[in-house]
Amino acid sequence: MNKYIDYQNEISGSELYEGLVGFGLFAEKIPNFLTSEDFLSFTKSLKLPQTLKPKDYIRYSNIRNINIPRPLAIPEPFAYANQCKIISENWTSLQKHFEEKTLNDNFKISRIHLRKLHDKSELFEMNYKNFSKDGDPEQDIIIKSKYIASADIATCFPSIYSHSIPWALVGKTTAKTNQDPSHWYNKLDKFTREVKFGETNGVLIGPHASNLISEIILVAVDFEMVKLGFKYVRNVDDYSCYVDSYERADEFFLCLSNELKKYELSLNSKKSKILSLPQASVKSWVAKLNHFIFTNTYVINGKEAIRVKELKHFLDFAIELMLLENSDASVINYAIKVISKKHLGVNAKDYYIKQIHHLVLLYPYLINLLEFHVFEAHKIDEDRIRLIAKDVYDFGLKRNIYEACSYAIYWSLKYNFSLNISSFKNDSIASEDCIFMMISYLSDKKHFPKKYLKEYKERAEYLRINDFDRYWLYVYEVLTQNELQDNYKKMKKNKISFIKNEFTS
């Protein structure tokens, strides 16, 4: 099985920079119309890092499985490129850090981290699993255990203290003694702060560089916890520690809390719990959904085909499980993925799409799942997608869930239909949501003459002067070369865009 450092050593410094900048600027939860590949090429013509003042960033809210928003961010691109350049230039030192902090591990503690992904240019994917390479250490460490101590870090990314990066890399005493800004670890601190408006508290949620920054600190915590004899696995900031007594579980919480405190982090007391073993190796609802028996099925093109009656039973079962899990929409999310691998006949598909239409308006968390696991998996026709998109848009506007509005317009562009909504412009500008404005502009640009776009341009001109960093994507894409400055002007001259080609024609 691969060790933690094996994954880091597979990546060169140049590959790291390309993966983070070209494929890690935009969070995967944002509608898939953005790209930074052209920007990556442009940065290679620049001398990075450039000295810049701290930059603000674009805000974007993503609805979580419990129907509350998660704040995501899109950093100002040049500040982000600077951060990634410092990381890549000092990748050898960082690899040494990761090796030293994981040297004593008998198995790979951290399960989700940067790595080369099969057939993908990205270096990070949330919830990625590869048991053939990563192993399944829980099967071994559970043998003599009687309890699981489950814990996570309270608001992990927003709580990371930038000065704690050097603390983790060279030790707190050394870092405090050697504050020369020319030291590589102090540069990493500086450029991490500069993507978050100069603030020392918090790293941005979304860009992949933040996941690497968190690992710098958390493997240092792991190192000390391993020395204390604890055996656990960690999924980003979620811990599952296997112990032989209740007292040892309490000790794990105490020791972990003490180690996190050294980096200005703390445990989430509401989510810290001790569970008696045995426990199911996966959540019970996952096992139940996986073992649901579809009766009276047939095979079409190598896929199991299910009839309306069995589909109804399965969806009803999934909804019952969800309600038992305090309305956690992850259950329905998983059920949709199960159905995506099945063949649905005409009647079953008709029933299914109506149920999806209903569920997505109750649980907007499901919205970013629909494109690949419903629309394309079941070849849903454009008219049905349009009906869903129209209601999702109206729902989002009414609830101020602008992610929903953005996805509705994204689908209309992706599948080439009109929503016949004349208020995109006014709705999006009033929302002050950058992604909503951007996707609305692209749609209206496609369907209306240039003079109709006047208010979009006026808003972009205002934001260029008054709030550029928080709306840089919108301002850059809407305004002309002569209305931009510095590197943005150069980019525009070189016809660099952050919009994928299929959404600009």
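Residue numbers start from 1 along each chain as its sequence is written, and side-chain values rest on heavy atoms, with hydrogens and water left out. Since the model is predicted, local features need pLDDT of at least 70 and side-chain atom pairs count only at pLDDT 80 or more, while totals for chains, interfaces and linings use all residues.

Lys196 turns up in the loop between α11 (184–194) and α12 (208–227); helices (H or I, at least four residues) and strands (E, at least two) are DSSP runs, numbered from the N terminus. Despite being a loop residue, Lys196 counts as buried because its relative accessibility is 11%. Here buried means under 20% relative accessible area, exposed over 50%, and partly exposed in between (1.4 Å probe, protein chains only). The side chain of Lys196 makes a polar contact of 2.6 Å with that of Glu199. Such a contact is a pair of N or O atoms within 3.5 Å; within protein, one must be able to donate a hydrogen and the other to accept it, and residues adjacent in sequence count only if both atoms are side-chain atoms. Leaving aside residues up to four places away in sequence, Lys196 touches Lys55, Tyr57, Asn201, Gly202, Val203 and Leu204, with contact meaning heavy atoms within 4.5 Å.

As for the cysteines, the structure holds zero disulfides (pairs of cysteine sulfur atoms within 2.5 Å). Cys84 has its nearest cysteine sulfur, that of Cys156, 18 Å away. For Cys405, the closest cysteine sulfur is in Cys434, at 15 Å, so that is too far for a bond. Cys84 is buried, at 0% relative accessibility, and Cys405 is buried at 0% as well.

Aromatic pairs number 35. Rings of Phe, Tyr and Trp (its six-membered ring) pair if their centres lie within 6.5 Å; planes under 30 degrees apart count as stacked, over 60 as edge-to-face and the rest as tilted. One of the pairs joins Tyr232 and Phe252, with centres 5.7 Å apart and planes at 55°, so it is tilted. This pair links distant parts of the chain, with Tyr232 in strand β4 (residues 232–235) and Phe252 in helix α13 (residues 246–261), 20 residues apart. Both Tyr232 and Phe252 are buried.

Elsewhere, ring pairs tie Phe26, Phe39, Phe42, Phe78, Phe468, Trp472, Tyr476, Tyr488 and Phe498 into a cluster. The Tyr476 ring also has the charged end of Lys492 over it, 4.7 Å from its centre.

Notes: A charge sits over a ring if NZ of Lys or CZ of Arg is within 6 Å of the ring centre and within 35 degrees of the ring normal.
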